[in-house]
Amino acid sequence: MSLHADLRRITAPDIAAKKGVVPIVSLTAYHTHTAAIADPHCDFLLVGDSLGMVMHGFETTLPVPLELMIMHGRAVVRGARRALVVVDMPFGSYEESPSVAFRNAARVIKETQCGAIKIEGGSRMAETIHYLTERGIPVMSHIGLTPQSINVMGGFKVQGREKAQWKALEDDAVAVAEAGAFAVVLEAMPAELAARITRKTPIPTIGIGAGLNCDGQILVMEDMLGLSPQVPKFVRKFGEIGAAINGAVQAYAEAVRDGSFPKPEHTYAMKSPSKKA
Ligand code: KIV
């Protein structure tokens, strides 16, 4: 029997059922402790491939290997008891064909025990989304600014700033919904467009830099905590963890240098000698 049998984990259909009922709350998570802290507050936690940039110092998400996603996915699933855990499929692991996508996504599900995967791309990925969902893998889609395509997009660029681009993005959202995606991330697009997509699409839209009128919101946790050195315009900092870490490390360094740490209470005593002896 499961250790957590008393607690039912949120599922992909639960997320889909929240559309129009209650705003969906989500954050990225890459490791066990932050997942455990965020878990009671979030509907789903995304092990985003942004971890390549945030945790590993890559300039883009493109170099992230599948094994790294699996390793962080496992860590997050160990920390989260209630929230749905969604793991990003990294660049090169799903685009080639639906069967390659299935093989790699099944590996992610088996090895991490997450509840869903996310792939980037709209209409062009519809066949793959259908193939995966028909075979038991819940898929979250991601359209708008799709960071795995930055070499084609010419950088991290806001999408749909011109009305002529709207129809393609609206068609993308409808196509992934019809293919069976349970939710779609809308990244970096004007709020008016995201609102239109949200009205037109039967599945929840999860906005990141897409305004208020989405069915839910997601941010990169390190960005909203104030840990990332640079953040996009759409981020609100809900904390200043970077400054707090700096202050704590500075205080520690001073205490070691001036001899005020460790104190006796941080030190082990000898065993008292036995009375018999
Ligand atoms: O990788 C990621 O963190 C993401 C979010 C920005 C949605 O895809």
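Predicted model: local features only at pLDDT ≥ 70, side-chain atom pairs only at ≥ 80, totals over all residues.
**Close-up 1. Helix α5, end to end.** Residues are numbered from 1 along each chain as its sequence is written, and side-chain values use heavy atoms, with hydrogens and water left out.

Which residues of α5 are buried? They are P98, V100, A101, N104, A105, A106, V108 and T112. (Buried means under 20% relative accessible area, exposed means over 50%, and partly exposed is in between, with a 1.4 Å probe and protein chains only.) The cover over these buried residues of α5 includes α4 (66-79), β3 (84-88), β4 and α6 (126-134); here contact means heavy atoms within 4.5 Å.

Close-up 2. Q113 sits in the loop between α5 (98-112) and β4 (116-120). Its phi is positive, about 65°, although Q113 is not a glycine. Most residues other than glycine have a negative phi. Q113 counts as exposed, because its relative accessibility is 62%.

**Close-up 3. Helix α4 and its cover.** α4 is mostly covered, with ten of its 14 residues buried. Those ten are L66, L68, M69, I70, H72, G73, A75, V76, V77 and G79. Around the buried residues of α4, the cover includes α2 (32-38), β2 (44-47), α3, β3 and α5. As for length, 14 residues at 1.5 Å a residue should give α4 a span of 20 Å, and its end C-alpha atoms are 20 Å apart, so the two agree.

Close-up 4. T61 belongs to the loop between α3 (51-54) and α4. Is T61 buried or exposed? T61 counts as buried, because its relative accessibility is 2%. Leaving aside residues up to four places away in sequence, T61 touches D49, S50, M53, P147 and Q148. Two of these names, D49 and S50, come back in the next view.

**Close-up 5. The ligand and its shell.** What surrounds the ligand? The shell is made up of T28, L46, G48, D49, S50, D88, K118, H142, V185, E187 and I208. (A residue is near a molecule if one of its heavy atoms lies within 4 Å of it.) By type, the shell divides into three nonpolar, four polar and four charged residues. (Ala, Val, Leu, Ile, Met, Phe, Trp, Tyr, Cys and Pro count as nonpolar, Asp, Glu, Lys and Arg as charged, and the others, Gly among them, as polar.)

Now look at the oxygen atoms of the ligand. A polar side-chain atom of S50 lies 2.5 Å from a ligand oxygen, and one of D49 lies 3.0 Å from a ligand oxygen. For D88, an N or O atom of the side chain is 3.2 Å from an oxygen atom of the ligand. (A polar contact is a pair of N or O atoms within 3.5 Å; within protein, one must be able to donate a hydrogen and the other to accept it, and residues adjacent in sequence count only if both atoms are side-chain atoms.) On its own, the ligand has 260 Å² of accessible area, and the protein covers 95% of that. (Accessible areas come from the Shrake-Rupley method with a 1.4 Å probe; for residues, only the protein chains shown count as cover.)

Close-up 6. A188 is found in the loop between β6 (183-187) and α9 (191-200), and has a positive phi of about 50° although it is not a glycine. A polar side-chain atom of Q159 lies 2.8 Å from the backbone oxygen of K157.

Methods
Helix = DSSP H or I, 4+ residues; strand = E, 2+ residues; numbered from the N terminus. Expected span 1.5 Å × (residues − 1).
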